[in-house]
Amino acid sequence: MSEELTQQLPNDLLRQILARLDSMESRFDSRFNSIEARLDKVETRLDSMEAQLTALEEKVDRRLQETRPIWEGVLEQLKEVNARLDRTETRLDRIEKEMVAMRRWARHTFAEMGQEYDDLEERVENIEGRLTSQ
């Protein structure tokens with residue numbers, strides 16, 4: 001049936017249509033080849049990026065393996081430092097409590113001594129007063 005339709009067309013018109021179809025096909029082929037080339041470049045770049053990422057991951061893994069013992073040692077030392085700090089804080093708390101108790105004792109003792117001094121001073125004044133009145 002399609003042969004009948006094309007046979008009914010004038011030869012010039014048929015040639016023009018075929019020429020345009022050939023032109024379109026050529027342009028499509030050119031565009032397709034261009035797109036395919038660009039996709040190949042993108043694929044190449046992605047492969048390169050993937051290789052770089054893999055190399056980076058391997059490098060990071062190696063560094064982690066190299067530094068893991070160091071960090072484990074550091075963490076162990078931190079635990080020891082924290083334990084020593086806790087013990088030091090406990091001792092300082094005990095010393096602070098003892099100092100507070102000593103301050104209270106000293107205040108009390110000095111207050112008593114001041115009172116005794118005042119009492120002695122009063123007694124001396126009384127004695128002096130009796131001596132001068134005689």
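Which residues form a negative surface patch? I looked this up in a predicted model. The patch is made of Glu 112, Glu 116, Asp 118, Asp 119, Glu 121, Glu 122, Glu 125 and Glu 128.

**Entry 1**

I found Asp 118 in helix α2. The relative accessible area of Asp 118 is 41%. I wrote down "partly exposed" for Asp 118, because that label covers values between 20% and 50%.

**Entry 2: overall form**

I counted the secondary structure next. The protein chain has two helices and zero strands. Its radius of gyration is 52 Å, while the globule rule gives 14 Å for 134 residues, so the chain is more spread out than a compact globule. I then took the box around the C-alpha atoms, along the principal axes, and got roughly 165 × 40 × 25 Å.

**Entry 3: surface**

How much of the protein chain is buried? Buried residues make up 0% of the 134 residues. The accessible surface of the protein chain is about 13300 Å². Carbon and sulfur atoms account for 55% of that surface.

**Entry 4: nonpolar patch**

I also looked for nonpolar side chains on the surface. Leu 13, Ile 17, Leu 18, Leu 21, Met 24 and Phe 28 form a nonpolar patch there. Together they have about 550 Å² of accessible area. I checked one of them, Phe 28, in more detail. Phe 28 belongs to helix α2. Its relative accessible area is 55%. I noted Phe 28 as exposed, because the label applies to values over 50%.

**Entry 5: salt bridge**

How many salt bridges does the count come to? I noted one salt bridge. Its partners are Arg 63 and Glu 66, and their closest N and O atoms are 3.9 Å apart. The pair counts because the cut-off is 4 Å. Both residues lie in helix α2, which runs over residues 11-133. Arg 63 and Glu 66 are three residues apart, about one turn of the helix. Arg 63 is partly exposed, with a relative accessible area of 49%.

**Entry 6: charges**

The protein chain has 22 positive and 31 negative charges.

Technical notes:
Residues are numbered from 1 along each chain as its sequence is written. This is a predicted model: local features need pLDDT of at least 70, side-chain atom pairs count only at pLDDT 80 or more; totals for chains, interfaces and linings use all residues. Side-chain values use heavy atoms; hydrogens and water are left out. Helices (H or I, at least four residues) and strands (E, at least two) are DSSP runs, numbered from the N terminus. Buried means under 20% relative accessible area, exposed over 50%, partly exposed in between (1.4 Å probe, protein chains only). Patches are made of residues with over 30% relative accessible area and no salt bridge: like charges are joined within 9 Å, nonpolar side chains (Val, Leu, Ile, Met, Phe, Trp, Tyr) within 5 Å. Accessible areas come from the Shrake-Rupley method with a 1.4 Å probe; for residues, only the protein chains shown count as cover. The radius of gyration is taken over C-alpha atoms; the globule rule is 2.2 Å times the number of residues to the power 0.38. Lys and Arg count as positive and Asp and Glu as negative; His and the chain ends are not counted. The place of a charge is taken as NZ of Lys, CZ of Arg, CG of Asp or CD of Glu.
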